[in-house]
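Subject: Handover of the structure, with notes on what was found

Dear colleague,

I am passing on the structure we spoke about, and below it you will find a written account of what was found. Please read the notes with the model open beside them.

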Amino acid sequence: MLTTTSTRVVDPAELDDVLALLAREPVNNAFIASRVHAAGLDAVRLGGEMWGWYQRGRLKSLCYAGANLVPLCAGPEAVRAFAERARRQGRRCSSIVGPAEPTAALWSYLEPHWGPARDVRRRQPLMVTEEVPHDVRPDPLVRRIRKDEMDLVLPACVAMFTEEVGVSPLAGDGGLVYQSRVAELVGSGRSFARVENGEVVFKAEIGAATPHACQIQGVWVAPAHRGKGLSESGMAAVLRYALNEVAPLASLYVNDFNETARATYRRVGFREVGAFMSVLF
């Protein structure tokens with residue numbers, strides 16, 4: 001019987017095919033596409049393997065398998081194949097994240113083997129905008145963080161991550177991987193903050209960037225400064241950087257239960273276009 005589908009690690013020589021596939025869903029795929037643009041498909045540089053699902057020898061779907069397991073442009077048959085490969089390999093990731101429908105399907109196959117998860121966030125609205133808001137003044141004090149300011153911004157990043165995810169990013173390896181990621185964002189000029197009296201009171205990063213779209217992440221206001229409108233004016237400032245200097249479209253995803261954040265993003269022009277899902281271990 002002729003086998004018409006197969007799943008394997010994508011060869012680095014297939015980079016053009018991978019980039020073309022990722023470009024089909026530029027918002028959904030921004031995070032992984034950004035890494036592929038920067039690192040290619042070498043597993044060491046990419047931080048994980050890229051699995052491909054092939055139909056009659058043609059690449060149709062992808063799944064990134066690193067610290068996160070991320071289905072990309074994946075239909076039901078591809079998701080089933082990726083789940084079987086992940087099950088055989090065993091869990092090596094700290095989360096499964098991606099567009100809600102394929103991620104939910106992937107988790108349904110893996111939960112009997114990998115569950116229970118520490119947390120499952122089934123609907124995280126995906127929001128986009130192509131414009132800097134006209135009625136919200138960008139905070140003039142929000143600026144890029146310099147390379148010599150890692151010690152200034154890192155505590156705010158750790159606080160945001162711990163509050164959002166529920167565990168400290170400094171656990172396990174002492175925070176080496178997380179600090180390296182923060183340093184990468186600072187070094188590339190994609191870390192922004194408002195600093196008052198030596199303290200970060202607002203921060204956000206452009207965590208992923210491709211020619212088509214960028215993704216804003218890590219939005220955080222210091223607890224003592226919440227309720228003062230810093231998130232709106234701060235986001236307007238980061239949006240100005242993102243849309244003028246990085247990509248023509250900015251995106252983010254947010255927990256559905258975080259009504260305060262969702263309202264803030266709507267006020268600065270974001271609109272919901274879909275949903276992500278995250279499974280946290």
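A question to begin with: is strand 10 mostly covered or mostly exposed, and how many of its eight residues are buried? Strand 10 turns out to be mostly covered, with six of the eight residues buried. Please keep in mind throughout that this is a predicted model.

Strand 10 pairs with strand 9 in the antiparallel sense over six bridges, and the two are joined by a hairpin of four residues. Within that pairing, Q215 of strand 10 is the bridge partner of A208. Strand 10 also runs parallel to strand 11, to which it is joined by two bridges, and here Q215 stands opposite S251 of strand 11.

Strand 11, residues 250-253, pairs in turn with strand 6 in the antiparallel sense over four bridges, with T129 standing opposite A250. Strand 6, residues 119-129, is also paired with strand 12, residues 271-280, again in the antiparallel sense and over eight bridges; in that pairing R121 stands opposite S278 of strand 12.

The nonpolar cores

The largest nonpolar core has 28 residues, and those with the most contacts inside it are I216, M235, V238, L239, L252, Y265 and F270. Two or more residues each are given to this core by strand 9, strand 10, helix 9 (230-246), strand 11 and helix 10 (259-267), and the largest share, nine residues, comes from helix 9. If we take M235 and leave aside its neighbours within four places in sequence, its contacts are F202, I216, V219, L230, L252, Y265, V268 and F270. Apart from this core lies another one, of 25 residues, which includes V10, Y54, A213 and L249.

Not counting residues up to four places away in sequence, R262 touches R123, P125, M127, V254, N255, D256 and E272.

P138 has its place in the loop between strand 6 and strand 7 (142-144), and at 16% relative accessibility P138 also counts as buried. Although P138 and A236 are 98 residues apart in sequence, they are 4.7 Å apart in space, C-alpha to C-alpha. Neighbours within four places in sequence aside, P138 is in contact with S233, A236, A237 and R240.

L22, in helix 1 (residues 15-22), is buried at 3% relative accessibility. Residues up to four places away in sequence not being counted, L22 touches N29, A33, V36, L62 and L72. The C-alpha atoms of L22 and D42, which are 20 residues apart along the chain, are separated by 17 Å.

The second largest pocket

The second largest pocket has a volume of about 190 Å³, and of the 14 residues that line it, the closest to its centre are S34, R35, A38, R181 and E184. Helix 2 (30-39), helix 8 (176-187) and strand 9 (199-209) each supply at least two residues of this lining, the largest share, six residues, coming from helix 2. By class, the lining has five nonpolar, four polar and five charged residues.

Points of backbone geometry

Most residues other than glycine have a negative phi, and most peptide bonds are trans. The peptide bond from G115 to P116 is cis, with omega near 0°, and P116 lies in the loop between helix 5 (100-114) and strand 6. R56, in the loop between strand 2 (49-55) and strand 3 (58-65), has a positive phi of about 50° although it is not a glycine, and R56 is exposed, with a relative accessible area of 64%. C73, in the loop between strand 4 (68-72) and helix 4 (76-89), likewise has a positive phi, of about 55°, without being a glycine, but C73 counts as buried, at 16% relative accessibility.

With best regards

Terms used:
Residues numbered from 1 in each chain as written. Predicted model: local features only at pLDDT ≥ 70, side-chain atom pairs only at ≥ 80, totals over all residues. Heavy atoms only, no water. 1 Å grid on protein atoms, 1.4 Å probe; cavity = no way out; pocket = protein on both sides within 12 Å on 5 of 7 lines; lining within 4 Å. Points joined across faces, edges and corners; volume = space filled by probe spheres on them. Nonpolar A, V, L, I, M, F, W, Y, C, P; charged D, E, K, R; others polar. Pairing = 2+ DSSP bridges. Core = buried A, V, L, I, M, F, W, Y, C linked by side-chain atoms within 4.5 Å. Buried < 20%, exposed > 50% of the residue type's maximum accessible area, 1.4 Å probe, protein only. Contact = heavy atoms within 4.5 Å.
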